[in-house]
Amino acid sequence: MKNDIGIVIYTKTSDSELAAKWFSSEDNKQVHGTGKVIGNATDGFNGDYTVEYYLHGGEILGAFDLEIRKDGDLLTILEG
């Protein structure tokens, strides 16, 4: 049974970009890095984005579509 878990913190840096800091545990090994999120953030965080995650040393980990939707007081984040 895998016990991988992670968290990402997104910070708005401009109307078209968010910054990401991520932390994860894979196979009892802790890893972390950053990310660059491009999209339209003129409506707060609500919107569709493309995110690139990087390992701590700058190596690209992967690129994904990211959808953030406001749901009352909460934000729903879908990554695909």
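**Exercise 1. Determine which strands each supply at least two residues of the lining of the largest pocket.**

Solution. Strand E1 (5-14), strand E2 (17-26), strand E4 (47-55) and strand E5 (60-71) each supply at least two residues of that lining, where strands are DSSP runs of E with at least two residues, numbered from the N terminus. The model is predicted, so local features need pLDDT of at least 70 and side-chain atom pairs count only at pLDDT 80 or more, whereas totals for chains, interfaces and linings use all residues. Residues are numbered from 1 along each chain as its sequence is written, and side-chain values use heavy atoms, with hydrogens and water left out.

**Exercise 2. Describe the largest pocket by its volume, its central residues and the classes of its lining.**

Solution. Begin with the term: on a 1 Å grid over the protein atoms alone, a pocket is an open set of points with protein on both sides within 12 Å along at least five of seven lines, and lining residues have an atom within 4 Å of a point. The volume is about 250 Å³, taken as the space filled by probe spheres set on the points. Next, the lining comprises 14 residues, and Trp22, Phe23, Ser24, Glu26 and Leu61 lie nearest the centre. Finally, the lining divides into 10 nonpolar, 2 polar and 2 charged residues, with Asp, Glu, Lys and Arg counted as charged.

**Exercise 3. Place Leu78 in the chain and state how it is classed by accessibility.**

Solution. Leu78 lies in strand E6, which spans residues 74-79 and has the lowest mean pLDDT among the elements (86), while E4 has the highest (93); pLDDT is the predictor's confidence in each residue, from 0 to 100. Leu78 counts as partly exposed because its relative accessibility is 47%, and the partly exposed class falls between buried (under 20%) and exposed (over 50%), with a 1.4 Å probe and protein chains only. Leaving aside neighbours within four places in sequence, Leu78 is in contact (heavy atoms within 4.5 Å) with Asp65, Leu66 and Glu67. By C-alpha positions, Leu78 and Lys12 are 17 Å apart in space and 66 residues apart in sequence.

**Exercise 4. How many helices and strands does the chain have, and what percentage of its residues is buried?**

Solution. The secondary structure comes to 0 helices and 6 strands. Buried residues make up 22% of the 80 residues. As for confidence, the chain averages a pLDDT of 87, and 96% of the residues score at least 70.

Technical notes:
1 Å grid on protein atoms, 1.4 Å probe; cavity = no way out; pocket = protein on both sides within 12 Å on 5 of 7 lines; lining within 4 Å. Helix = DSSP H or I, 4+ residues; strand = E, 2+ residues; numbered from the N terminus.
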